[in-house]
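Here are a few notes to read alongside the model.

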Amino acid sequence: MTLPQWFSIATLAGMMVLFLWGKFRYDITAVIALLVALGLGIVKPADAFSGFSDDIVIIVGSALVLSAAVQRSGIIELAMGFLSRRLTRISSQLTVLTASVGVASGLIKNVGALAMLMPAAFQMAKKSDTSPSIFLMPMAFASLLGGLMTLVGTSPNIIVSRVREDLTGEPFGMFDYLPTGLGLLIVGLVFLRFAYRLLPGDRRAAPTMGEALNISGYVTEATVPENSAACGETIADFLERHHNEVAITTVLRDGRRGAVHPGMALREGDVLILSGDPHELERVISRDKLVLTGGDKESGEEGDQDHIGVIEAVVTTDSVLIGRTAGRLLMRERFGIHLIAVSRADEHLMSKPGQVVLQAGDVIVLQGPLELLPLRLKQLGALPLAQRDIRLGMSRRGWLPVLILGVAMLATATGLVPVATAFFAAAALVVITGALPVNEAYEAIEWPILIMLAALIPVSGSLESTGASDVLASGLAELARFLPAWGAVALILVAAMIVTPFLNNAATVLVMAPIAAGFANTLGYRPEAFLIATAVGAGCDFLTPIGHQCNTLVFGPGGYKFSDYARLGAPLSLLVVLVGTPLILLVWPL
């Protein structure tokens with residue numbers, strides 16, 4: 001081996017040690033590896049930043065934006081609500097999520113299926129009062145297994161099909177992978193149902209300051225419009241349909257306060273004083289198309305969501321709000337902002353937010369132009385609280401982000417548009433159409449993950465540029481000559497699994513597939529079993545967060561450490577080898 005080849009292997013080995021040590025955050029470790037590679041000359045300065053333009057970076061970033069848009073729409077929340085209320089055990093919830101993402105990954109690109117269903121994992125975790133990390137990594141692994149079932153499920157299958165066509169003149173068909181992939185998916189789902197306990201239970205994304213807030217007793221005011229599902233419904237039915245997650249404290253009809261009782265039927269024009277958690281209030285108002293009094297629907301600002309914001313603030317002891325109501329202060333007319341909700345510790349408010357006499361310590365939710373809110377808070381003597389995801393008073397776009405994501409996935413499945421292009425265009429469209437405000441789009445992107453990917457791509461590429469990958473592949477070829485046919489198939493599968501964390505899965509197939517075909521030729525066998533083994537191994541990176549974008553996609557949101565992947569992934573990898581080898585030989589006889 002040449003000196004550059006040794007340098008390349010040593011750099012990657014040192015990087016893995018740093019990842020496992022955990023002394024530096026993962027993006028800093030990747031930057032260190034890039035600097036070392038530059039210093040040793042195995043990465044040229046001209047190639048140092050090529051990773052920032054790589055498709056994987058675009059796919060991961062765009063998928064995070066699309067996932068946030070789908071989550072904001074509430075569609076997945078609505079779809080999974082029925083199941084989450086009936087599946088109370090974590091193992092049952094996990095099975096539904098992993099099976100859903102696994103099957104979907106066979107029909108569309110696995111990273112797209114995972115991005116679409118990640119919001120459901122967060123919803124179920126919230127309902128179960130558990131960490132989303134229990135669901136996210138198993139879902140990522142299930143998406144990898146599901147992608148093995150069809151030609152379009154994952155990139156290695158497409159590349160292997162092209163290699164077979166070069167060798168035999170006949171490519172693999174869309175469902176030639178199904179018997180092997182489906183068998184591995186079923187085995188994997190059974191394993192994940194029980195083995196998720198191998199994951200540490202305390203993993204979760206780093207909390208924001210806003211998550212430390214426990215303010216839930218807000219009161220807000222909304223009007224029942226003509227097209228609302230609440231029209232003609234009794235209060236009891238309304239509350240039951242929303243699972244008693246909010247309360248109706250007062251009903252104002254024709255300007256008069258009516259007695260609230262379960263049998264009272266709601267009518268068009270009724271003004272409801274609702275109380276509850278701000279997230280549940282937002283969900284109920286959005287789902288029933290209620291008109292939030294004082295909100296953007298009244299002010300005509302609904303189409304300008306990028307400039308309209310919502311903020312929580314506390315009334316200070318020297319505030320001009322003390323002893324006054326928002327209506328008396330003419331807050332909307334004088335200050336151009338709206339008071340849409342009020343919360344007071346240890347007290348259930350019954351009046352409209354605009355008629356509540358404010359006190360020091362009250363927590364208020366204000367809506368208005370983003371450029372005005374800081375100045376208005378200062379003028380009013382209200383102290384902004386730590387940022388929290390409050391969407392009360394913000395519009396939803398319903399099915400639009402789901403439709404955009406569906407079109408993008410259909411375009412990639414049919415080969416009409418490359419994955420990176422389709423996902424980037426879809427992410428841009430959800431922002432352009434207002435389905436996701438620009439500021440929320442930027443907040444949804446896990447920037448440290450993108451930095452890690454961009455830094456590691458040229459470092460991993462040094463294996464190919466220095467020829468180190470060819471040297472390693474030749475060594476495997478020599479070893480396989482002394483093995484029986486099933487042993488050679490297993491070796492190819494294991495080798496692809498080992499290599500793919502360092503190269504991306506497509507590069508792994510490009511390197512390993514010719515070697516697999518050479519094995520078959522040397523042993524006098526047909527190449528199909530060896531090529532399928534290559535695709536399975538390259539598509540099953542369960543050991544690191546960097547070998548496949550699905551693993552990377554859940555790394556930050558799950559709050560995982562680098563070593564967590566091996567805890568669950570190592571036994572699953574062994575299971576894939578033990579089950580996959582005979583299954584491949586059964587489907588593709590030598």
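1. A term to start with: buried means under 20% relative accessible area, exposed means over 50%, and partly exposed lies in between, using a 1.4 Å probe and protein chains only. By that cut-off, 55% of the 590 residues in the chain are buried.

2. Some ground rules. This is a predicted model, so local features need pLDDT of at least 70 and side-chain atom pairs count only at pLDDT 80 or more, while totals for chains, interfaces and linings use all residues. Residues are numbered from 1 along each chain as its sequence is written, and side-chain values use heavy atoms, with hydrogens and water left out.

3. The overall make-up is 24 helices and nine strands. Both are DSSP runs numbered from the N terminus: helices are H or I with at least four residues, strands are E with at least two. Contact here means heavy atoms within 4.5 Å. Of the contacts between residues at least 6 apart in sequence, 79% join residues at least 24 apart.

4. Do have a look at strand β8 (residues 363–369), where seven of the seven residues are buried. Two strands count as paired if DSSP finds at least two bridges between them. β8 pairs with β6 (residues 308–315) in the antiparallel sense over seven bridges, and P369 in β8 is the bridge partner of I308. Strand β7 (residues 338–343) also runs antiparallel to β8, joined by five bridges; there, H338 stands opposite Q367.

5. How much of helix α23 (residues 549–558) is buried? The count is 10 of the 10 residues, so the helix is largely enclosed by the rest of the structure. Among them are Q549, F555 and G558.

6. Helix α6 (residues 110–128) packs against α23 at an angle of about 25 degrees, with the axes 10 Å apart. That makes the two helices roughly parallel. Axes are lines fitted to C-alpha atoms, for helices over the stretch in contact, and angles run from 0 to 180 degrees between N-to-C directions. Under 35 degrees counts as roughly parallel, over 145 as roughly antiparallel, 65 to 115 as roughly perpendicular, and the rest as oblique.

7. Which residues meet in this pair? From α6 come N110, V111, L114, A115, M118 and F122, and from α23 come Q549, C550, L553, V554 and P557. By class, the contact has nine nonpolar, two polar and no charged residues. Nonpolar covers Ala, Val, Leu, Ile, Met, Phe, Trp, Tyr, Cys and Pro; charged covers Asp, Glu, Lys and Arg; the others, Gly among them, are polar.
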